[in-house]
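Dear colleague,

I am handing over the structure below.

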Amino acid sequence: MKFIDTEIMEMYLQGKADEEEKNKVMTWLMLNLKSPYADKEFEELLEKVPAVTDDERKERVSSRLMTFIAADRKHSPYNGRRRTRKNLFLYTSIAAMSIAVAIMTFALWDIYKDIDRTVAWTDVKADYGEVKELILPDGSHIWLHNDTRVTYPDAFSGRHRQIFVSGEIYAVIEADRRHPFIVSSDNVNVIVKGTTFNMKSYPEMKNAELTLVEGKVAMEYVTSRGKSGLEVQPGETVSVNLKDGSISKFVCDRSDYVSWKDRRAIYFNDKPLSEIASELEREFGVRIIIEDKVLASTRHFASFVNDESVVDILKALCTEPGIEISEKDSTIHINNY
């Protein structure tokens, strides 16, 4: 399962987490507290909590949980689509929670209080098919692409400049050797001192991808094998599997690289057609159904930088005899007869 490791969250709830684990919990919360993809993880965490039989404790837990939900709504700067609380309300109504959930409630609220007291945070979101430009307090430029969310402070303070990302960004970071810039996304940190790069890490993706255009960056990540890191060189695209830790590197001519911030540009490096379909759905706002599982698993290297249509792209990828591509009402079906 992606998102935060359940064991780390349990350690945090028990007050046994070290500083690195606490920071990991905070990062996860910043990115996923309102994400619909996190509902399942919240539910599984709550299911591990034993039932409560004390009526007074049930009432106390319920009251504290409602306080947290109200506080979250009041202090969140994000005004877009809100994450549903159906799982939390369900567990409250049947009172199948122990005091550990109340501890989690206060832990989450404390994080929001700390964030608000230290610095104001802002969320910016780009919808499907949208490119949005953002200038950060230090002058760095960030472009958001296709259902991407960036959370950043109104002022950078301390030793690092840090932002939180869910989705895909193109970044031109202002150089500051004394204050490295950190882009955090789920289990990945990209550490830079001044550079240009493209980063892609959507919640539903198995891999995190980084293409370095200029400069030099370090990429840290956590998988089931533990914490690892690597350095990325200009002209390299690095893809890290966040489950098993496997790494793929691809080298391209930087003079041929086209950014989607300038015009539609799509790159696929050894990706299965199923993942390509998901990216094309975000890019073009369509639904793609691949009827054949074997076809869905075929892998492709390709780039499209000439404003090709979604059907043109799929036809270029699916060239085997017997494959039929049809479109109706913004839904594309791919069959292999």
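The notes start with the basis of the model, then take the sheet and the pocket in turn.

This is a predicted model, in which local features need pLDDT of at least 70 and side-chain atom pairs count only at pLDDT 80 or more, while totals for chains, interfaces and linings use all residues. Residues are numbered from 1 along each chain as its sequence is written, and side-chain values use heavy atoms, with hydrogens and water left out.

The sheet: an open, mixed sheet is formed by 3 strands in the order β14-β17-β16 (strands are DSSP runs of E, at least two residues, and helices runs of H or I, at least four, numbered from the N terminus; two strands pair if DSSP finds at least two bridges between them). β14 (287-290) and β16 (323-328) are the edge strands, each pairing on one side only. From one strand to the next the twist averages 15° (axes are lines fitted to C-alpha atoms, for helices over the stretch in contact, and angles run from 0 to 180 degrees between N-to-C directions). β16 and β17 (residues 331-336) run antiparallel and are joined by 6 bridges; Ser326 stands opposite His333 in β17. Helix α9 (residues 310-317) lies across β14, β16 and β17, at about 15° to β17 (contact means heavy atoms within 4.5 Å).

The pocket: by class, the lining of the second largest pocket has 14 nonpolar, 7 polar and 8 charged residues (Ala, Val, Leu, Ile, Met, Phe, Trp, Tyr, Cys and Pro count as nonpolar, Asp, Glu, Lys and Arg as charged, the others, Gly among them, as polar).

Regards
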